[in-house]
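Hello,

Here is the structure for you to look at. My notes follow below it.

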Amino acid sequence: MSCVPWKGDKLKLESDFQPPLLIYHEKQRRELCALHALNNVFQDGRAFTRETLQEIFQRLSPNTMVTPHKKSMLGTGNYDVNVIMAALQTKGYEAVWWDKRRDVNTIALSNVMGFIMNIPSSLCWGPVKLPLKRQHWICVREVGGIYYNLDSKLKVPEQIGSKDELRKFLKHQLRGKNCELLLVVTEEVEVQQSWRTGG
């Protein structure tokens with residue numbers, strides 16, 4: 001089973017839904033979904049740049065033309081999890097890789113700044129959706145007490161809702177094949193492991 005779009009509450013998917021203006025939502029450009037997910041999780045378009053991520057992956061694999069941390073030879077992006085983790089560390093944050101066998105109800109949501117997910121996504125050629133899937137980074141985070149899917153391929157942020165709705169969303173995504181979840185937390189939360197209940 002591959003990941004399928006979150007359907008959630010019908011009311012939340014109305015085409016006239018307008019998210020609050022305070023949400024920063026960076027849209028897809030080239031293969032820079034990792035960059036967009038990072039900026040969306042920090043709610044700041046200047047948090048990271050393409051150049052910043054280029055420097056990080058070159059630092060991870062110096063003196064090599066093809067690095068294991070970037071899948072595109074053309075410099076268009078498509079960064080892997082090591083680049084994302086190193087980028088977060090430059091801001092005093094850590095990425096905690098969530099074990100899909102664990103219950104998402106044990107995530108201490110108040111200690112998690114946001115979520116970055118790696119999910120299969122359809123390839124498109126203009127308006128035509130191709131029968132191929134490729135891994136894609138997305139961000140989910142809370143803004144103003146409501147959780148949003150800030151996938152850079154969405155036209156507008158998709159409202160997920162409350163903490164309970166977020167847990168349903170995460171469970172739904174993690175049931176799919178090739179779906180991974182990273183919790184974005186402060187260094188202190190990671191050291192104390194307070195990203196989990198009872199941690």
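**The annotated site and helix H2**

A polar contact of 2.7 Å links the side chain of Asp 151 to that of His 136. A polar contact is a pair of N or O atoms within 3.5 Å; within protein, one must be able to donate a hydrogen and the other to accept it, and residues adjacent in sequence count only if both atoms are side-chain atoms.

This is a predicted model: local features need pLDDT of at least 70, side-chain atom pairs count only at pLDDT 80 or more, and totals for chains, interfaces and linings use all residues. Residues are numbered from 1 along each chain as its sequence is written, and side-chain values use heavy atoms, with hydrogens and water left out.

An unreviewed UniProt entry annotates Cys 33, His 136 and Asp 151 as "active site". Such annotations may be inferred rather than shown by experiment. These residues spread over 119 residues of sequence, yet they cluster in space: the largest C-alpha distance is 9.0 Å.

His 136 counts as buried because its relative accessibility is 2%. Buried means under 20% relative accessible area, exposed over 50%, partly exposed in between (1.4 Å probe, protein chains only). Asp 151 is buried too, at 11%.

Now helix H2, residues 50-60. Helices (H or I, at least four residues) are DSSP runs, numbered from the N terminus. Its buried residues are Leu 53, Gln 54, Ile 56 and Phe 57. They lie on the same side of H2 because they cover an arc of only 165 degrees around the axis. That arc uses the directions from the helix axis to the C-beta atoms. Exposed Glu 55 and Arg 59 sit on the face turned away from the buried side.

Best wishes

Note on methods: Helices (H or I, at least four residues) and strands (E, at least two) are DSSP runs, numbered from the N terminus.
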